[in-house]
Amino acid sequence: MNRNIEFIKEKCIGCFKCRQVCPFNVIEYIEGKPRLNPNKICLKCMHCAAICPVGAVSYDGKNAVVNDEFPELTKEFPDLLEAHLMKRRSYRHFKAEPVNRESLEHALKIACWAPSAKNEHPTKYVIVDKKETIDKIMKIILSFAEKHHELDIIVKEYQEGNNPIMGNAPTLLLAYAPNHSINPIGDTTLKLYTAELILQSKGIGSCWAGYLTRLSNSIPELKELFDLPEGNSFVGALMLGYPDHKVEQYDTIPERIKKQDIKWL
């Protein structure tokens, strides 16, 4: 099966824009028409397709751009984007209903457009939305924490009715990547944050689950439960659910105590 980027000579107008935006000068021009240099590696970043004014780029034998129609961004969009970013909060109190699977799949689909080092996109996901599995995860963690005194705070908080691992989230989203990836931490974090912003825009609450991430890499039973491949590590995890607004209803934006620290050179 053809998995390469190709240029449709009949459509190409020879504007050279594809070559100008190619990150590694993979595109060369032969007799006024573009082609991939066989001695270089194409990242398939699709800059060439995005900038081509006549749709002369194909991938896998098909049109290389998304055909969906999207609304034009209005002049109000920057302010709306800032408001959404600033209104994002961490939720830990949720209704019992698991997050709609279609909503999760859509958010992770959009996260595919997050930046990735050399367009590698190494991230994979594990989603848990069955209560019996979530209870099993918590049981494994508590058993492990009881044997390691540095985790006494987890046991103590849980006994006091507070679950620092996952709140009462009905859905957990964990993301992992191969350790040998170019930038597994950066790539995966960007994807999770992109998905989180999409989800929160649709009324789905989230919170980054740091304990769950670290313990999922440390506890053999969890690695086995999640079927984590050898040579891979969890990079991040999110608690997800529909917020219980009887407990958490954030209507205002609080002052950010810790401000940006900038050094100009």
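Helices (H or I, at least four residues) and strands (E, at least two) are DSSP runs, numbered from the N terminus. The structure is a predicted model, in which local features need pLDDT of at least 70 and side-chain atom pairs count only at pLDDT 80 or more, while totals for chains, interfaces and linings use all residues. Residues are numbered from 1 along each chain as its sequence is written, and side-chain values use heavy atoms, with hydrogens and water left out.

**The whole chain**

Display the entire chain to begin. Nine helices and nine strands are present, and the C-alpha atoms fill a box of roughly 75 × 45 × 45 Å along the principal axes. Of the 265 residues, 35% count as buried, that is, under 20% relative accessible area, with exposed meaning over 50% and partly exposed in between (1.4 Å probe, protein chains only). Contact means heavy atoms within 4.5 Å; among contacts between residues at least 6 apart in sequence, 76% join residues at least 24 apart.

**Gln-200**

Select Gln-200, which lies in helix α7. Its relative accessibility is 14%, and Gln-200 therefore counts as buried. Beyond its neighbours within four places in sequence, Gln-200 touches His-84, Arg-88, Arg-89, Tyr-91, Gly-205 and Ser-206.

**Helices α4 and α7**

Next, select residues 101-110 (α4) together with residues 184-201 (α7); these helices pack at an angle of about 135°, and their axes are 8 Å apart. Axes are lines fitted to C-alpha atoms, for helices over the stretch in contact, and angles run from 0 to 180 degrees between N-to-C directions. The angle makes α4 oblique to α7, given that angles under 35 degrees count as roughly parallel, over 145 as roughly antiparallel, 65 to 115 as roughly perpendicular and the rest as oblique.

To view the contact, show Ser-103, Leu-104, His-106, Ala-107, Leu-108 and Ile-110 of α4 with Thr-194, Ala-195, Ile-198 and Leu-199 of α7.

**The sheet β1-β4-β5**

Turn now to the open sheet of three strands, ordered β1-β4-β5 with antiparallel pairing. Two strands pair if DSSP finds at least two bridges between them. At the edges are β1 (5-7) and β5 (62-63), each pairing on one side only. Select β4 (residues 57-59): two bridges join this strand to β5. Within that pair, Ser-58 stands opposite Asn-63 of β5.

**Helix α8**

Finally, select residues 210-218, helix α8, where the buried residues are Leu-212, Thr-213, Leu-215 and Ser-216. Their cover includes α5 (131-145), α6 (152-159), β7 (171-178), α9 (220-226) and β9 (232-241).
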